[in-house]
Each structure stands twice: as C-alpha cells, then as structure tokens.
Amino acid sequence: MVRLILASQSPARTKLLAEAGIRHSILVSDVDEDAVQAHYGVTDPHDTALLLARAKAEAVAALPEAEGALVLGCDSVFEFDGEAHGKPYTAAVARERMLRMSGNAGVLHTGHWLVDCRDTDTDDDDDDDDGAGTGATLGTVASAEVTFLEMDPAEIDAYIATGEPLHCAGSFTIDGLGGAFIRKVDGDPHTVVGLSVSTLRGLLAAANVRITDLWHG
C-alpha cells in the first residue's frame, strides 16, 4: 500500500486531503523558514514558496519514519504589490496588510514538493515491481489570483480578534471566516487553501503513482 506523508502542521491542508479521500499521515518538519530564506537569498514570492516546500519535504524525507513513503511538503506565500507576505503573526501587521488589500487583488503562490522515499531496488526474480520507488524529488508552484471585497476597519478588527488571520499566509483564509471578504478567485481554489489536489495528482504521476491509489477504500 502506498503511503503519503504530509510534511505540514496546517489543519487546512490535512482537512483538504481528508475531504478529497486521500489517505495520509502527518509528520511535521522543524525547518526554520527565515534561516532557509536567508541562506539562499530568495525574495521572489513564487520561488520562496517552492524553496520552503522543498526544505520541508526533504527534512521529513530524511527521517527514519519516512522510509518507504512518499513525502509532500507545501508552503504558501501571498504576493501583493510586488511584496511577499507570509504569516503576519501580530495584529498590527495583519491590520496594516488587510487595510491595503481591501478592494484589491493579490496572488497566492503555493509550492508543492514531493520526495519518493520508497526503495528503488527490486528483486530480479520478482516480476511485480508495482511498489518500487522512483527516487523522484520534484516540485512545482500553483498560483491563484484572489480579489477582495471592500472591508471596513471594524470588520478587519473583528476578524483579527478571532485570531484566524495571524497564522495564515497573506492574513486571510478562504475556507474559514476570511471567505466572507473574498469576491473571487482566478485559479484553483485549493491553491488558496494551501494544497492543490490536481497539482498533487501530477506530482504523484511523475513517481508512477495514481492518486486513486491513495483513495480511502
């Protein structure tokens, strides 16, 4: 049976996979995102999302628990006015960002990186190589443009008070309370949640795995 490990502690990502019927377990990496970015000097939002997704996937793939599994790392970065916005962490930062985002649009980039940790060695006497690994380590970025409705300061303050936007890339969600402030999404909505299932399907195919092999039942 093919095993998929999600290298992310995001409740939204694991919920999305569960609702898509995809079997998976969670193993969180201890990657220091700021240190990774400083080391590579990457500032482009698109490239940053891919870099961090790869760092998370490879960190978990190096753990003994990942042996024999496929490891998926994801990271999201919101691009607004040419700037990369990760998690705001503080109310002040979230408020400043949301006041600027009100009535405007930005692009949410979600990096995906897949590492095949299955054994690539096969027994020459065994004609059944379906479970053999490919040694694949590859990734891509899915992006979607998000257009926001006008938000008045009282609404923004009430949203921030819930705590939801403080730990989300770009200071908003689409699958939670923040969905009330989004007018439209151009692109895969799953990308805005933080994991594109169709993108995952393509990465799995590169590792000779059908996404249907991961469906429950």
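Which residues lie nearest the centre of the second largest pocket? The legends below answer this and describe other close-up views of a predicted model. Residues are numbered from 1 along each chain as its sequence is written, side-chain values use heavy atoms with hydrogens and water left out. Because the model is predicted, local features need pLDDT of at least 70 and side-chain atom pairs count only at pLDDT 80 or more, while totals for chains, interfaces and linings use all residues.

**View 1. The second largest pocket.** Glu33, Asp34, Gln37, Gly86 and Lys87 lie nearest the centre of this pocket, which is lined by 14 residues and holds about 290 Å³ of space. At least two lining residues come from each of helix 2 (33-40), helix 3 (45-61), strand 3 and strand 4.

**View 2. The largest pocket.** The largest pocket has a volume of about 720 Å³, and of the 31 residues that line this pocket, Ser10, Pro11, Arg13, Lys87 and His167 are the closest to its centre. Two or more lining residues are given by helix 1 (11-19), strand 3 (70-80) and helix 6 (189-193), with helix 1 giving the most, four residues. A pocket here is an open set of points on a 1 Å grid over the protein atoms alone, with protein on both sides within 12 Å along at least five of seven lines, and lining residues have an atom within 4 Å of a point. A volume is the space filled by probe spheres (1.4 Å probe) set on the points, which are joined across faces, edges and corners. Helices (H or I, at least four residues) and strands (E, at least two) are DSSP runs, numbered from the N terminus.

View 3. Not counting residues up to four places away in sequence, Thr199 touches His112, Thr140 and Ala142, where contact means heavy atoms within 4.5 Å.

**View 4. Two residues with positive phi.** Tyr89, in the loop between strand 4 (83-85) and helix 4 (91-101), has a phi near 70°, a positive value in a residue other than glycine. Asn208, found in the segment after helix 7 (197-206), has a phi near 60° and is exposed, with a relative accessible area of 64%.

View 5. Where pLDDT is low, the predicted coordinates should not be read in detail. The protein chain averages a pLDDT of 93, and 95% of the residues score at least 70.

How values were computed:
Buried means under 20% relative accessible area, exposed over 50%, partly exposed in between (1.4 Å probe, protein chains only). pLDDT is the predictor's confidence in each residue, from 0 to 100.
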